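Please look at the model below before reading on.

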Amino acid sequence: MNKETKYKQTKDELNSHLREQIEFLKRSLQAYDEGCTSEAKRLAVRLRLLLHDTKKSPSLLTLLKKKDILFYDTSLDYDPNNFPSTMGPILMKFTITKTGQNSAEFAPPLDDGPPTRYRKGKISFEKWWIKNVFVDIKGNKLTRKKLVLAVANKDGGAHVDHKLDKGYADMTRFNSLGFVFVQDGNKRNFASHPELPGIRQISHEVLKSLKDEFPE
């Protein structure tokens, strides 16, 4: 039996797909920054399409033969001698309301924050993709790859799975990173979870990296 003949998309068509994906990224980034933080779940799906290879489904950058480009790494490096956990891609944002109440949330730094975030410059995709960017007090680790695929494949991006990996669930549901703030002498959890701002910051890194490679 002859295999069904399939049409191979041209380089121009693949580049058109890339322009569309970049436009999708920009729209979701704008929506996130305007307050719709759940838009990070769509961002995770875009990142998966652009970056994640499987045996049956290569990423768009692989199809374009651009997987060898360098990526901006803005995640703080994990040092177990200084802190038991790390939230490398994101930071803590504290605010005081008009009534004097404190609140705290996790936020993407984008291009702000200490110079230690940016002096590393760019690294290879493989190092960037599998770098441990979240480490909790239990020793659970999340790379950019694990975070993106968890959000895209299991936690509402393109699919919802009844069961989540324990390490991911610990960090995103049960504050296993261990960060709290004190208000009126009481410890309080942050108003947000770390995974969505983490995806926002990773998307920022990807968009900056693609702009360098595809300025048009």
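This is a predicted model: local features need pLDDT of at least 70, side-chain atom pairs count only at pLDDT 80 or more; totals for chains, interfaces and linings use all residues.

Residues are numbered from 1 along each chain as its sequence is written, and side-chain values use heavy atoms, without hydrogens and water. Helices (H or I, at least four residues) and strands (E, at least two) are DSSP runs, numbered from the N terminus.

The buried residues of helix 2 are Ala 40, Leu 43, Ala 44, Val 45, Arg 46, Leu 47, Leu 50 and Leu 51. Buried means under 20% relative accessible area, exposed over 50%, and partly exposed in between, with a 1.4 Å probe and protein chains only. Their cover includes helix 1 (11-33), helix 3 (60-63), strand 1 (70-72), helix 4 (125-129), helix 5 (144-153) and helix 7 (195-213).

Consider the neighbour at 11-33. Helix 1 and helix 2 pack at an angle of about 160°, with their axes 9 Å apart. Axes are lines fitted to C-alpha atoms, for helices over the stretch in contact, and angles run from 0 to 180 degrees between N-to-C directions. Helix 1 and helix 2 are therefore roughly antiparallel to each other. Angles under 35 degrees count as roughly parallel, over 145 as roughly antiparallel, 65 to 115 as roughly perpendicular and the rest as oblique. In this contact (heavy atoms within 4.5 Å), Leu 18, Gln 21, Phe 24, Leu 25, Ser 28, Leu 29 and Tyr 32 of helix 1 meet Ala 40, Arg 42, Leu 43, Arg 46, Leu 47, Leu 49 and Leu 50 of helix 2. The residues of this contact divide into 10 nonpolar, two polar and two charged. Here Ala, Val, Leu, Ile, Met, Phe, Trp, Tyr, Cys and Pro count as nonpolar, Asp, Glu, Lys and Arg as charged, and the others, Gly among them, as polar.

Helix 7 also meets helix 2. Their axes come within 9 Å and cross at roughly 45°, which makes helix 2 oblique to helix 7. Residues of helix 2 in this contact include Ala 44 and Leu 51, and those of helix 7 include Ile 199 and Val 206. This contact has 11 nonpolar residues, one polar and two charged.

The axes of helix 1 and helix 7 come within 11 Å and cross at roughly 140°. That makes helix 1 oblique to helix 7. The residues of their contact divide into seven nonpolar, one polar and four charged.

Helix 5 is mostly covered, with seven of its 10 residues buried. Its buried residues pack against helix 2, helix 4, strand 6 (132-135), strand 7 (141-143), helix 6 (166-173) and helix 7.

Two loop residues remain. Lys 65, in the loop between helix 3 and strand 1, has a positive phi of about 60° although it is not a glycine. Lys 65 counts as exposed because its relative accessibility is 72%. Leu 110 lies in the loop between strand 4 (102-107) and strand 5 (122-124), and its phi is near 55°, also a positive value in a residue other than glycine. With a relative accessible area of 23%, Leu 110 is partly exposed.
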